[in-house]
Amino acid sequence: MTLSQPDDYTFDCTAYGDVGLELSTLISSYPPPFIYIHDSSDGLKVNARVITKLLQKPSEPSQEHGPITKVCFGWADAACCFTQRLLFEALIHSLVGHTLDWDEGCPNWALDNGSQWNENLDSFLQGLREAHTHLSKRFGVDSTGAAQSTDRKGKGKVQEYNGVRIVLVVARAERLKESMPELLVSLARLRELVRLDLCVVLSSEVEWDKIKSPLGAAPDPYFVDIPPLTKEDTVSLLTARYPALTSENPTLYHPSLKSLYSHFVAVLCDVCYLYTHDPNELKYIAAARWPGFVKPVLDEHQSQMDEEPEDEQRDIEPPSEDVRLRLTRLFSSSLSLALEALYPRLTDASDWAKVNEPPSDLLSKPPAEAKVTTASPTSALGTGSLLGHLPRLSKFILVASFLASTNPAKSDVRMFGRGLDEKKRRRRKAQATVKPKGGVSKVPQRLLGPSPFPLDRLVALLGALLEEHDVDSRLPAPEFTIPGEYTDMEISRVAINAAVQELSSSRLMHRTTKAEQIDGPAMFKCAISYDLAWALSKELKIPLADLLWEQV
Amino acid sequence: MSDDRTLEETTFSIPYAGGDDEPSPANLPGAPKDELGFPESHERRFETYRKAWSTCLDRIQSIVKQLLEPHIEAVIQQVEDDSAVPGLPHPELPVISISNPVFGASFLNDVCSRLDTPSTHLYPSDCVNLTSAMRALITGLVQDTDDDIPRVKHKVSERLANYDINYLAAWYKHYVSTQGSRPVLLAVLHNFEEFDPTVMQDVFYICSQQLPELRLSFILSLSTPLPTYLHIVYPRATLACLRIRTVAIPNGLSVLNEILLQTFFSPFFDSDVILGPAALEYISDFFTRHNRTLDSLITLIQLVYMKHFSVDPLTSLLYSTPSTPSPALLEAALTSILATNETAVDGISGEDAAKEKIIELIDESRSKIQNRYKSIRIAFHLTRLMQLFFVREGYKGLAWNLENDLCAIFGGMFLKRKEKSSGLERSLGYLSLILKKLNPDQLHRLSHEIHEFLQSIDAEGDENLKAAQTEFSDLTQGQASDENSKTVAAEMADWVDDFLRNLLLERLEDILLWEVWYTGMTPFPSELVNPSIRASLLSGLLRPLEFASPSSTSPNANTPGAKVAEMTTVVSDESLWRLPDTSILFRRYLDSGRLINVYDWFESFQAVLETQREEVKKERARGKGRGRKNGGSSSPSKGKGRGGGKASAAATPKRSPTKKARQSPTKNQKGKQRQQPEEGDDGMDEGEDDEEEEEETEEKWQIEVQARFIRALHELDYLGFIKHTKRRADHVARTVFDINDE
């Protein structure tokens, strides 16, 4: 399958060029104790593996200048290692290259003395020292000597390395601030604490100032900033993947189509660069569109093969300039549509590619007929049948919750009060359009977001709505004789309360008070949009506009 | 309890002394009345109910299974689908979101049982934080296989934590090496909306970091039909890790209609109990308005069954008639027969002959009613078939809304054809009118459909139906040429009209003993599934005795107290002092204004209790003579309840048997509370009782009244009738007004 993916991260591209050089020089010569990589490149997603790979390459230099220091890496992703123990284990296991064996019961790495090193910081320091000793032994370094004086040469036998340097990389370091803030200072001062040749590299999309501990407890790091990618960098970054893609799928990413691909990527970046700079997103869109883009070329090649069956081994020829331009013209409009569908992940790349496959033999058709159509993604955020599954009364409850969250509580009597004379009702319409007079203009409630309301108010509004708009759909109930009695019974029924609970658990309403709190009424907030409320009220034949206090 | 209770003491302990509230099944309201004389009936009815209901339930379940089959296939296909476009920047975590508002967890269980991969089910309560979520996920998956425990055991701190994804990765590696394949690891998240998004965000991220080595896959069970929830709640960074696929499962009315069409409306399935229009309409209404889940639908149908069998003792005859029925059963059957047809058993003399005649009538009705029901269903299906055909061909047809009004339409078939409200007469006329206007091609297709339908019905034992089948075949064979199409259409229209009219000739209610098989217009017991909380609360407080006392129709004749009770129930006075404390307090509450002064309230309550005390004394004095007679039998029964000899001795004479039997459980509890103080100083001898009581100090009584008041007050407070106001000390505010008292 896609097992070659991780290799993809061995970025030899220009994007990391300067930074990579800087880092590897630092690490292989005299590293500062604490390096902070701030990745401002808008989603280049420097994960721990990338940095490790980045650093590993130059750290295997030739031995021209005699024994050098062996650099060993340990890395962890702070988002994955959400407890201190996981972080320690991830760092040390990757440092010593410990593999986990299920048959052995997944033991942690341990030396023979069986000491625990994952419990707290002290034991972790001890573990680091043990790991250092272990690594020194493995690489044939006299650890005691190497740690203190790197210039001491080996005695007698030829030593490959004169010391072991530990580099610990923690990616997504901003997560440390939430999950284990007390560890940040210790990590920053780890070299002082452990007294080994050690360097800690934290990497994050967030600046150090935002996550550093207060009162200056942590020393300032050596800052490395990854600059934002330029458009050219992005294009070359994407194009540079081609060999890796070829090894993944030799037909689709045929070597002779490489120039076409680089043009394709250039066009893609032209179209999409306005909206996203994230190379991963651009790769994603490229992956979705490329099969369709290259299909006419492959089709043509196939038909040529069919015509001349004796020429079986004929390879795909790089398409001509003319074909390239034609393809670009045909597909450029579909690129922005792909962005619209794929960037918010309304659909995924594989499905999109499948649905939007161009018709076969596109190139053989006359230009006027050849067209690439794109199926618009099923409007997942539309209101259409979104709530069609809800029972009728739940829909009423949602509309009531919308009204309760939008209208001020004081207006309820006027909006829903049903006096004996019709005068009152007429007045409320006039009242509803009154604009606030003078002074600071009030921000409409609709823009302020929903306001919380107690359950009682919701039920009361529901009663008003049911009485006005639901009477026709009820089953006959001769036992209720007083006007409004049916509604009165209806709104206090178990099913209504159950429906409120159900709706708040499916997040169509928010409960703002805690569930365990029984003192006082439960408070809720409406969680449906104006459009949705509008669609629902239309379905229920409720004139929503008349019931809103502030006209929209 | 100690004697030195004073007002300074803030807390009293009232130990539970066993007691009067042990359940006595015979007293349950709605108990079957057949104890009177149906020795075989009760058990038989239960057996019959069980048999009828399990037939129905099996049918429903098989329909549901059939309905869900394609969707299960779809989900399985999605799970196993591993294809992805080459060249993605990073592997995506497959997520299948299932909108499943109707069927609940059973659907997902089916999916999991079909898939031969390790799977685990996660619920919102498992995932309150990241550690617990990861632990639930990992241990769930590891334990799903046989190889769940590593062979070598280590101390917890010496091995990987079981919430570490690497633990799962190590296990998977091992699992793959032993199995030789790389199965998908499936995690099913139930009620996905209730999961904390911040936790799940991290879970998805962590799992996606392990791809593609660890083939994890998630199934999300959502209650909204589209994956919008994910797009609204989760950030784009999380969505970018996922490959979201959707499977929509049928929901809404179509499920209800499908189930009803294949059970109670289907000519191919004989339901033993015939649901009447009232029940069907309630079921449909509840499904549309309140709760669209399969579970609630099944519960509703089951309730109809239960009610049907619990109301009428004759329902034990549903399947068969016992060879030697009890006289009471026969009598009940006879009454029912005579109610429908007064001349049914005329001219029969002799007990045995009458008995045989009745049995014969019962058996006859049994087959007759099933035939009639079947004809109704055939008529309904035929009309529906034609209606669907007309709509397909672009006609309006009968203007039926088969989606929304299915139950009403079917219910209409139960009514008398001539009745206006059913509209059947007009519909039939209209049908034949449209039939006559069809062109030959349409006619041919329609007749083909009708022919197929008629042939598919099992006409065994029904001569009319057999005749109709051959008749229709003859009719359709003749219509080859175009010229006579007009006449053929007219003939067919006439035939359909006749056929339907014959099928709908008779009502089910015209058949003797119809109530054994048919629920008719019996209303659905809606208060059982959807009671109005407020109304039941108020009626409980206003008329507590009607709730708690055993139903007057089935007095517990065996206990001596009850006999006395029977005598006194005649004097069914609802005087205030007979009510439980909470009800007394509530009555006084109703009399007050918006704000209630608690001290006034207390005083009015105290006044009622004084009356109660006086009345109890009086009644006991009256019942003394009786008490002496009954004393031997009544004390042991109480003593058993009370659990202690001393307590029983103290308690028995205190209360008159009359009062005791009449009182509600709540009341009894209160009574007990009142008696507690006397236990200590009550003598063993009954005769000294009066003197002991007179010695009771006024102070103790005051304390008791206060305690009872506070208790009742708190109960009302707990029920939400009181709002504490800070505006005036000593006052509480009412929350409930305008109660229609009587």
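**Ground rules.** I worked on a predicted model, where local features need pLDDT of at least 70, side-chain atom pairs count only at pLDDT 80 or more, and totals for chains, interfaces and linings use all residues. Residues are numbered from 1 along each chain as written, chains are lettered from A in written order, and side-chain values use heavy atoms, without hydrogens or water.

**Interface.** I looked up the contact (heavy atoms within 4.5 Å): 80 residues come from chain A and 77 residues from chain B. The two chains bury about 6800 Å² between them, 56% of it on carbon and sulfur atoms. Buried area is the accessible area (1.4 Å probe) lost on being put together, summed over both parts. F82(A), W102(A) and H389(A) supply 13% of what chain A buries against chain B, more than any other three residues.

**Salt bridges.** I found seven across the interface, taking a Lys or Arg side-chain nitrogen within 4 Å of an Asp or Glu carboxyl oxygen. In one of them, R175(A) meets D202(B), with the closest N and O atoms 2.6 Å apart.

**Sheet.** I then traced an open sheet of five strands in chain A, ordered β2-β3-β4-β1-β5 with parallel pairing. Strands are DSSP runs (E, at least two residues), and two pair if DSSP finds at least two bridges between them. β2 (68-77) and β5 (222-226) of chain A stand at the edges with a single partner each, so one side of each lacks a neighbour in the sheet. Five bridges join β1(A) (residues 34-39) to β5(A). There I37(A) stands opposite V224(A).

Methods:
Helix = DSSP H or I, 4+ residues; strand = E, 2+ residues; numbered from the N terminus.
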